[in-house]
Amino acid sequence: MLKRIRNLREDSDLTQVEIGQKLNMSQSQYQKYESGLRTPPIDILIQLADIYGVSLDYIAERTNAKKVTQSELASAKYNRLIEYYSRLALEDQDFIMGKIVELHREHANKEKRSFRNIIRYAFLICPVDKINQQQLFSSG
C-alpha cells in the first residue's frame, strides 16, 4: 500500500507538501504514511482515493484496476443483496419477494403508460383515422 500511495502521488506530479495540504496535515505527517512509520486511517485512505480518482481496493492493492467498473459495482451489490436476503427468516424473504414483484409490475405499467402517451401524442401531430387508433389502444 505504501508504494501504491507514493506512486499515485508521483504519477499525479504532486509533492508530499501538496498532498499534506489537501489532507489538512503537514508534509512530515503525510511522509510517515508513505514511509510506513504510520498506517493511514480509513478516512485518509478515502480522501486519497477521492484525490486520485481510484478505488480503495486499488490503494489497498486488492486489485490492479484503478477504477471500479459498473459491472463490478453491480456484482458487489448483487452479492450483498443475496447475503442479506439469505439471512432473513423465510417469512421475511416472502415479504421482500412480494415487494420486488410489486415494484417490477409498477415499473412495467409506467413504461407501458409512457409508451401509450407517446403514441397518443404522435396521433395528435399526425392524425390517423379513429378506427386504427382504437385498434392500437385496445391491444394492450
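This is a predicted model: local features need pLDDT of at least 70, side-chain atom pairs count only at pLDDT 80 or more; totals for chains, interfaces and linings use all residues.
Local features require a pLDDT of at least 70 and side-chain atom pairs count only at pLDDT 80 or more, whereas totals for chains, interfaces and linings use all residues. Residues are numbered from 1 along each chain as its sequence is written, and side-chain values rest on heavy atoms, with hydrogens and water left out.

The count of aromatic pairs comes to one, where rings of Phe, Tyr and Trp (its six-membered ring) pair if their centres lie within 6.5 Å. Tyr-30 and Tyr-33 form this pair, with 6.4 Å from centre to centre and 85 degrees between the planes, an edge-to-face arrangement. In this classification, planes under 30 degrees apart count as stacked, over 60 as edge-to-face and the rest as tilted. Both tyrosines, Tyr-30 and Tyr-33, belong to helix 3 (residues 27-35) and stand three residues apart, about one turn of the helix. Helices here are DSSP runs (H or I, at least four residues), numbered from the N terminus. Tyr-30 is buried at 0% relative accessibility, and Tyr-33 is also buried, at 5%; the term buried denotes under 20% relative accessible area, exposed over 50%, and partly exposed the range in between (1.4 Å probe, protein chains only).

A further ring contact involves a charge. The charged end of Arg-4 sits over the ring of Tyr-58, 3.9 Å from the ring centre; the criterion is NZ of Lys or CZ of Arg within 6 Å of the ring centre and within 35 degrees of the ring normal.

Side chains of opposite charge can pair when their charged atoms come close. The structure holds six salt bridges, each defined by a side-chain nitrogen of Lys or Arg within 4 Å of a carboxyl oxygen of Asp or Glu. One of them links Lys-99 and Glu-102 at 3.8 Å, N to O. These two residues, Lys-99 and Glu-102, lie in helix 7 (residues 90-125), three residues apart, about one turn of the helix. Lys-99 is partly exposed at 37% relative accessibility, as is Glu-102 at 41%. Elsewhere, salt bridges that share partners join Arg-6, Arg-9, Glu-10 and Glu-34 into one network.

Glu-10 and Arg-6 both lie in helix 1 (residues 2-11), four residues apart. Glu-10 is partly exposed at 39%, and Arg-6 is partly exposed at 29%. The side chains of Glu-34 and Arg-9 meet in a salt bridge at 2.6 Å, N to O. Glu-34 lies in helix 3 and Arg-9 in helix 1, so this pair ties together parts that are 25 residues apart in sequence. Glu-34 is buried at 7%, and Arg-9 is buried at 9%.
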